[in-house]
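The sequence and structure come before the details.

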Amino acid sequence: ILGRSSALRRVLADVDKVAGSDTTVLITGETGTGKELIARAIHDLSDRRTLPFVVAGAADLATMEGPATVISRAKGGTILFDEIGDLSDDAQARIVRMLDQLPDTAPRIMATSQGDLMGRMEGESFRQDLYYRVSVFPIDLPPLRERGDDLFLLVESLLKRISSTREWQLSSQARRCLQQYHFPGNIRELRNIL
């Protein structure tokens with residue numbers, strides 16, 4: 001996880017704080033900000049790091065057996081419910097039932113959302129009981145445009161990954177363009193632009 005901005009340092013402090021516990025974590029942020037990367041970092045810093053890290057999306061929870069299958073795949077590791085705010089009412093209800101019936105050897109639960117779950121909850125498109133179960137320790141990721149000089153640390157790293165045979169440099173004009181751009185797709189968009 002690259003960056004030195006104060007916004008990212010706050011996130012990394014939260015990662016360090018929560019990694020040693022089994023607390024349920026809700027990671028929010030715009031698309032492309034690295035929500036799954038942060039969840040993976042929490043898992044990798046935890047006592048569960050040698051156990052599976054399972055990402056579960058809407059397709060994994062579409063059937064009645066879905067949550068049980070996800071739990072069995074996790075084997076006591078970590079389950080990340082990806083974009084939990086986009087799940088159907090039925091899938092949300094299945095997760096609530098699953099969380100209520102977890103055994104003592106249960107996996108750690110984390111969830112991501114790029115949407116405003118509190119607003120969705122108030123608009124009755126997200127279950128209140130699920131919100132309070134997954135938002136025990138919230139981490140909100142800053143968008144790239146709020147991370148200052150982290151932009152060029154990321155550019156350097158991404159350019160190295162893009163081509164191992166040639167060293168790429170940005171012109172001063174390209175640097176200015178990147179500094180002025182809003183990046184609605186955040187780091188994912190930056191990678192695609194490069």
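A crossing of two helices is called right-handed if the near helix is turned clockwise from the far one by less than a right angle, and left-handed if it is turned anticlockwise. The term is applied below to a predicted model.

## Overall fold

The protein chain contains 9 helices and 5 strands. In sequence order these follow the pattern α-β-α-β-α-β-α-β-α-α-β-α-α-α. Along the principal axes, the C-alpha atoms occupy a box of roughly 55 × 40 × 30 Å.

The protein chain has 194 residues, and 46% of them count as buried. Its accessible surface is about 10,700 Å², with 48% belonging to carbon and sulfur atoms. Among contacts in the protein chain with a separation of 6 or more, 77% come from residues 24 or more positions apart.

## Helices α1 and α2

Helix α1 spans residues 6-19 and helix α2 spans residues 35-45; their axes come within 9 Å and cross at roughly 40 degrees. Angles under 35 degrees would count as roughly parallel, so α1 is oblique to α2. The crossing of α1 and α2 is right-handed.

On the α1 side, the contact is made by V11, V15, D16, V18 and A19, and on the α2 side by I38, A41, I42 and L45. Sorted by class, this contact of α1 with α2 has 8 nonpolar residues, no polar residues and 1 charged residue.

## Helices α7 and α8

For helix α7 (residues 150-162) and helix α8 (residues 172-180), the axes come within 11 Å, with a crossing angle of roughly 125 degrees. The range 65 to 115 degrees is roughly perpendicular and angles over 145 are roughly antiparallel; α7 and α8 are therefore oblique to each other. This crossing, too, is right-handed, as α7 passes α8.

From α7, the residues in contact are L151, F152 and V155, and from α8 they are R175, L178 and Q179. By class, the contact of α7 with α8 has 4 nonpolar, 1 polar and 1 charged residues.

Q92 lies in helix α4, which covers residues 89-100. Is Q92 buried or exposed? Its relative accessibility is 0%, and the cut-off for buried is under 20%, so Q92 counts as buried.

Leaving aside residues up to four places away in sequence, Q92 touches L87, S125, F126, R127 and L130. One of these, F126, is 34 residues from Q92 along the chain, and the C-alpha atoms of Q92 and F126 are separated by 7.8 Å.

Methods:
Residues numbered from 1 in each chain as written. Predicted model: local features only at pLDDT ≥ 70, side-chain atom pairs only at ≥ 80, totals over all residues. Heavy atoms only, no water. Axes fitted to C-alpha atoms, helices over the stretch in contact; angles between N-to-C directions. Helix = DSSP H or I, 4+ residues; strand = E, 2+ residues; numbered from the N terminus. Contact = heavy atoms within 4.5 Å. Nonpolar A, V, L, I, M, F, W, Y, C, P; charged D, E, K, R; others polar. Buried < 20%, exposed > 50% of the residue type's maximum accessible area, 1.4 Å probe, protein only. Areas by Shrake-Rupley, 256 points an atom, 1.4 Å probe, with all protein chains shown as cover.
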